[in-house]
Amino acid sequence: MSDHRFSPMPGEEPGCHLSKKAKVCLGILLCVLVAVTIVAVVVGVLKWPRAPPHREWNGTGTTPHFSEIVLGRCYTYTQVLWPELRHKDCGQIGKAFTNAFLSKDPCNSSEQDYQLLLKLTNQTTPCHTSVFWSKSNQLAHLYTRVQQDMFTLEDTLMGYIADGLNWCGDAGSSEMNYQSCPHWGKDCINNPKSVFWDTVSKRFAENACGVVQVVLNGSISNTFDKNSTFGRVEIHNLHPEKVSRLQAWVMHDIGGVRSHSCSSPLINDLKFILSQRKISFTCQDDYRPIKFLQCVKNPDHSSCSSII
């Protein structure tokens with residue numbers, strides 16, 4: 001009878017019995033398979049299509065942590081500063097913002113790119129509360145921080161979110177360009193940031209009603225600049241049927257030069273443009289409430305003796 005063994009003999013290890021030669025061959029085969037796998041992975045990685053490098057521009061690149069800043073500012077504005085806007089969907093707003101410029105030619109931006117974002121951030125401000133500014137950024141916002149029932153564009157949800165940020169992408173990439181973005185003068189006019197501010201400035205002007213204000217810098221040569229956002233976009237989008245009057249406040253730096261005043265030809269140019277649009281115009285040099293804020297920082301200056 002054949003010797004059939006169904007269990008190992010005492011002292012014998014269970015399992016398959018391979019010859020030494022078979023074990024060597026099996027080891028060589030495993031090494032070959034591992035080597036082939038490694039080579040295949042390396043070749044695959046090398047051949048995997050890579051995103052093209054970002055084009056170099058003359059402007060500052062996208063602000064680091066752009067998406068996180070946008071989301072954080074949105075929540076701060078809607079949940080803390082203006083809780084009546086808590087229904088706004090900050091996640092959708094952030095997504096609409098980035099989708100407006102990602103994977104697109106940064107020199108071919110258009111107003112249409114931001115339409116969804118405008119819809120999601122729509123906000124109504126009361127009549128008589130709109131404050132425009134030109135060459136007077138800090139002073140205008142110092143005023144609205146104190147007079148909190150007045151609004152510059154940057155005091156609205158969309159302006160608050162984007163203020164001071166840079167952003168752009170590339171047509172061949174789904175990533176933001178953190179190295180550089182198109183410069184308005186040196187590269188192209190229709191870049192994502194410039195188009196954005198023209199678009200939201202247009203909406204801010206269209207929504208203005210009643211008596212509106214503009215803070216102008218009377219200590220510089222171009223107190224009223226027809227090529228500024230105010231002179232090029234905003235005054236031409238004020239609706240005469242909604243805006244009864246534009247009131248200009250021509251402010252002068254404490255101890256600075258008085259390049260222009262309400263009687264200057266440049267201010268008359270502004271008055272003429274508004275008259276053509278059937279909007280009345282008034283002007284005041286060194287509007288007292290704003291002058292007071294200037295003097296708080298310069299209380300000992302002689303020009304402040306009659307203010308404080």
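# Strand pairing, helix packing and salt bridges

Colleague: In strand β5, which residue is the bridge partner of V211?

Modeller: This is a predicted model, in which local features need pLDDT of at least 70, side-chain atom pairs count only at pLDDT 80 or more, and totals for chains, interfaces and linings use all residues. Residues are numbered from 1 along each chain as its sequence is written, and side-chain values use heavy atoms, with hydrogens and water left out. On the β5 side, V214 is bridged to A248. The partner of V211 in β5 is R245.

Colleague: How many bridges pair β4 with β5?

Modeller: Strands (E, at least two residues) and helices (H or I, at least four) are DSSP runs, numbered from the N terminus, and two strands pair if DSSP finds at least two bridges between them. β4 covers residues 210-217 and runs parallel to β5. The number of bridges in this pairing is eight.

Colleague: What is the order of the strands in the open sheet?

Modeller: β2 (131-134) and β6 stand at the edges; each has a single partner strand, so one side of each lacks a neighbour in the sheet. The twist from one strand to the next averages 20°. β2 and β4 run parallel and are joined by four bridges, and V131 has Q213 as its bridge partner in β4. The pairing of the four strands is parallel, and their order is β2-β4-β5-β6.

Colleague: How many of the eight residues of β4 are buried?

Modeller: A residue is buried under 20% relative accessible area, exposed over 50% and partly exposed in between, with a 1.4 Å probe and protein chains only. Across the 308 residues of the protein chain, buried residues make up 42%. β4 is largely enclosed by the rest of the structure, because its buried residues number eight of eight.

Colleague: Which strands does α5 touch where it packs on the sheet?

Modeller: Contact means heavy atoms within 4.5 Å. The direction of α5 makes about 160° with that of β2, where axes are lines fitted to C-alpha atoms, for helices over the stretch in contact, and angles run from 0 to 180 degrees between N-to-C directions. The strands touched by α5 are β2, β4 and β5.

Colleague: At what angle do α5 and α10 pack?

Modeller: Two packed helices are described by the angle between their axes and the distance between those axes. For α5 (residues 137-146) and α10 (residues 288-297), the axes lie 10 Å apart and the angle is about 100°. That makes the two helices roughly perpendicular, a class for 65 to 115 degrees, with roughly parallel under 35, roughly antiparallel over 145 and oblique for the rest. The packing angle is therefore about 100°.

Colleague: How many nonpolar residues does the contact of α5 with α10 have?

Modeller: α5 contributes L139, L142, Y143 and V146, while α10 contributes P289, I290, L293 and Q294. Ala, Val, Leu, Ile, Met, Phe, Trp, Tyr, Cys and Pro count as nonpolar, Asp, Glu, Lys and Arg as charged, and the others, Gly among them, as polar. The contact has one polar residue and no charged residues, and its nonpolar residues number seven.

Colleague: How far apart are the closest N and O atoms of D198 and R232?

Modeller: A salt bridge is a side-chain nitrogen of Lys or Arg within 4 Å of a carboxyl oxygen of Asp or Glu, and a search of the whole structure finds five. D198 forms one with R232. Because D198 lies in α7 (residues 192-207) and R232 in α8 (residues 229-234), the pair ties together parts that are 34 residues apart in sequence. The closest N and O atoms of D198 and R232 are separated by 3.0 Å.

Colleague: Which residue forms a salt bridge with K104?

Modeller: K104 is partly exposed, at 29% relative accessibility. The closest N and O atoms are 3.3 Å apart, and the partner of K104 is D113.
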